[in-house]
Each structure stands twice: as C-alpha cells, then as structure tokens.
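The entries follow the order in which I looked things up.

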Amino acid sequence: MNYDRYEVLYLLRNASAQTLDIDDYESGSSENNAFQECLNWARRHWRSLQIKKLSSYQYNPEIPRSNQTLCSVCLENFELNQTVRKLGCSHEFHSQCVDKWLKSKATCPLCRAPL
C-alpha cells in the first residue's frame, strides 16, 4: 500500500493519533520517514489539544479549591495568581511544569493516570 502526503494527512486527521502506528504503513524508507514525521506531528498536536482542554485556575490561598498547595513536579508551593492546572485524576500542578511533562508523557506525574 502506497500513500502520498495528502492521503497520509487525511488518514491522520480521521484517526485517533494514539491508535496510529508506523507498522500500518508499508513503503520505501523515504516515504516511510515522511509518514513517521506526519505521525509524530499528529501525536504532538493531539496531545497539545488535550492539554489545552484541562482545567486551570489562578491560585489564591484565600479561596481554597483543594488541600494541595505544592507542585509535585518542581516541589515549589503555589503562590498567589500562579496558574494551577488540575488533571482528571484531581492532582494539581503549576501549569508550566505539568504542561512540559504532559507533552512528553500523557500521564499524571504522580499516579500515572492517562491524560
């Protein structure tokens, strides 16, 4: 099976980036590299979209939203007006800390729950 670049983008657009695999594509090495690049881009783009959907808020110690006051990634306390991101598992982190983590690993840094 041989696809051109537009067909690859169509396949990527219409499939979950998590379910696509390089083994789904059989072709020569240069076309395979192009497909791999498209696939990697789709995975990064999909993950970025998932990260943007996560809830976040401006931290204010006067208005407690949870009992968590520490970012488990950088081990620093949350400070007034810092952006805190809450994952689906209810763990909270500085958004800049956890966003970097989530771009490389789609799991919670603490409990490894999926994004």
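I first listed what R85 touches, taking contact as heavy atoms within 4.5 Å. Leaving out residues up to four places away in sequence, R85 touches I51, L54, S55, S56, H91, E92, F93, S95, V98 and D99. The model is predicted: local features need pLDDT of at least 70 and side-chain atom pairs pLDDT 80 or more, while totals for chains, interfaces and linings use all residues. Residues are numbered from 1 along each chain as its sequence is written, and side-chain values use heavy atoms, without hydrogens and water.

Next I looked up salt bridges (a side-chain nitrogen of Lys or Arg within 4 Å of a carboxyl oxygen of Asp or Glu). I found a count of one. R85 pairs with D99, with 2.8 Å between the closest N and O atoms. D99 lies in helix α3 and R85 in strand β2 (residues 83-86), so the bridge ties together parts 14 residues apart in sequence. Helices (H or I, at least four residues) and strands (E, at least two) are DSSP runs, numbered from the N terminus. Both partners, D99 and R85, are buried.

I also noted that a polar atom of the R85 side chain lies 3.2 Å from the backbone oxygen of L54.

Finally, I followed F93, a contact of R85. Among the residues that F93 touches are C71, F78, L87, V98 and L110.

Terms used. Buried < 20%, exposed > 50% of the residue type's maximum accessible area, 1.4 Å probe, protein only. Polar contact = N/O pair within 3.5 Å; in protein donor to acceptor, adjacent residues only side chain to side chain.
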